[in-house]
Amino acid sequence: MVAPDSLPEVFLASDEDRDEVIRMLRDGSVEGRLSQDTFLARVERALRARSAGELADLHRDLPPPARRSTLRDRVSGWRCGFASAVRAALPAPRLPQLALPRGPRTVFTIGRSPGCDLPLGDRTVSWVHAELRRTDDGWLLVDLGSRNGTRVNGWRVDSGFTVRAGDCVRFGGAGYRLVGN
């Protein structure tokens, strides 16, 4: 039996292997995934490496390269950017108005049920969807565990969100602009 120390290195590093590792290190340095000092030190080690394992250790910790964009990716990105610019230039769709209630009451229910104080006829609105509560500072909108959620100016409402005239509110898929007192 031959001692492990005297075994010949089966996977010797070839010049092609060295060139490939140096190319990978160079690309990593150019893309900013490897500092210049580290690049130089590793190239020197690559030139002295005797086995393929030593070469593999030199690039194993490099982050993966950034995905190179193809012409198709660039055209697709341009089209998306152009479509966004067109949408931004168009006037925003006009939302129906939802008036903040007047009077002495402090709590109002919002939902699809005819028994709600502010009934909404949209199928994405829960039967009893949300509650509007008058506070000293204005109004508090609270979602009552609705299936499709409640949002104010894009922010999800859970336990309560202060609202005022001019805010955009969404109950499920039904959007409104608050107007009021």
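These legends accompany a set of close-up views of a predicted model. Residues are numbered from 1 along each chain as its sequence is written, and side-chain values use heavy atoms, with hydrogens and water left out. Because the model is predicted, local features need pLDDT of at least 70 and side-chain atom pairs count only at pLDDT 80 or more, while totals for chains, interfaces and linings use all residues.

**View 1. The whole chain, to get our bearings.**
The chain holds four helices and ten strands. Here helices (H or I, at least four residues) and strands (E, at least two) are DSSP runs, numbered from the N terminus. Reading from the N terminus, the order of elements is α-α-α-α-β-β-β-β-β-β-β-β-β-β. Of the 181 residues, 29% count as buried; buried means under 20% relative accessible area, exposed means over 50%, and partly exposed lies in between (1.4 Å probe, protein chains only). Among contacts between residues at least 6 apart in sequence, 41% join residues at least 24 apart, where contact means heavy atoms within 4.5 Å.

**View 2. Helix 1 beside helix 3.**
Two packed helices are described by the angle between their axes and the distance between the axes. For helix 1 (residues 15-30) and helix 3, the angle is about 5 degrees and the axes are 10 Å apart. Axes are lines fitted to C-alpha atoms, for helices over the stretch in contact, with angles from 0 to 180 degrees between N-to-C directions. Helix 1 and helix 3 are therefore roughly parallel; angles under 35 degrees count as roughly parallel, over 145 as roughly antiparallel, 65 to 115 as roughly perpendicular and the rest as oblique. Look for Asp17, Arg18, Val21, Met24 and Leu25 of helix 1 touching Leu55, Leu58 and His59 of helix 3. By class, this contact divides into five nonpolar, one polar and two charged residues. Ala, Val, Leu, Ile, Met, Phe, Trp, Tyr, Cys and Pro count as nonpolar, Asp, Glu, Lys and Arg as charged, and the others, Gly among them, as polar.

**View 3. Helix 2 against helix 3.**
The axes of helix 2 (residues 36-48) and helix 3 (residues 52-59) come within 9 Å and cross at roughly 170 degrees, which means that helix 2 is roughly antiparallel to helix 3. Arg42, Arg45 and Ala46 in helix 2 meet Leu55, Leu58 and His59 in helix 3. Three nonpolar, one polar and two charged residues make up this contact. Also in helix 2 is Leu40, a partly exposed residue with a relative accessible area of 47%. Leu40 and Ser29 are eleven residues apart in sequence, and their C-alpha atoms are 9.6 Å apart in space.

Two strands pair if DSSP finds at least two bridges between them. Strand 1 and strand 10 run parallel, joined by three bridges, and Gln97 stands opposite Arg177 in strand 10.

Strand 9 (residues 168-171) and strand 10 (residues 174-179) pair in the antiparallel sense over four bridges. Follow the pairing through Arg170, whose bridge partner in strand 10 is Gly175, and Cys168, which stands opposite Arg177. Two residues lie between these strands in the hairpin, and Gly172 in the turn has a positive phi of about 60 degrees.

**View 4. Inside the largest nonpolar core.**
A nonpolar core is a set of buried Ala, Val, Leu, Ile, Met, Phe, Trp, Tyr and Cys residues joined through side-chain atoms within 4.5 Å. Of the 19 residues in the largest one, Ile110, Leu132, Leu141 and Phe171 touch the most other members. Strand 2 (107-111), strand 4 (130-134), strand 5 (139-143), strand 9 and strand 10 each give two or more residues to this core, with the largest share, three residues, coming from strand 10. Beyond its neighbours within four places in sequence, Leu141 has contacts including Ile110, Leu132, Val152, Phe161 and Phe171. A second, separate core of eleven residues includes Leu25, Leu55, Leu58 and Leu62.

**View 5. Asn153 in its loop.**
Asn153 sits in the loop between strand 6 (150-152) and strand 7. Most residues other than glycine have a negative phi. The phi of Asn153, in contrast, is positive, near 50 degrees. Asn153 is partly exposed, with a relative accessible area of 41%.
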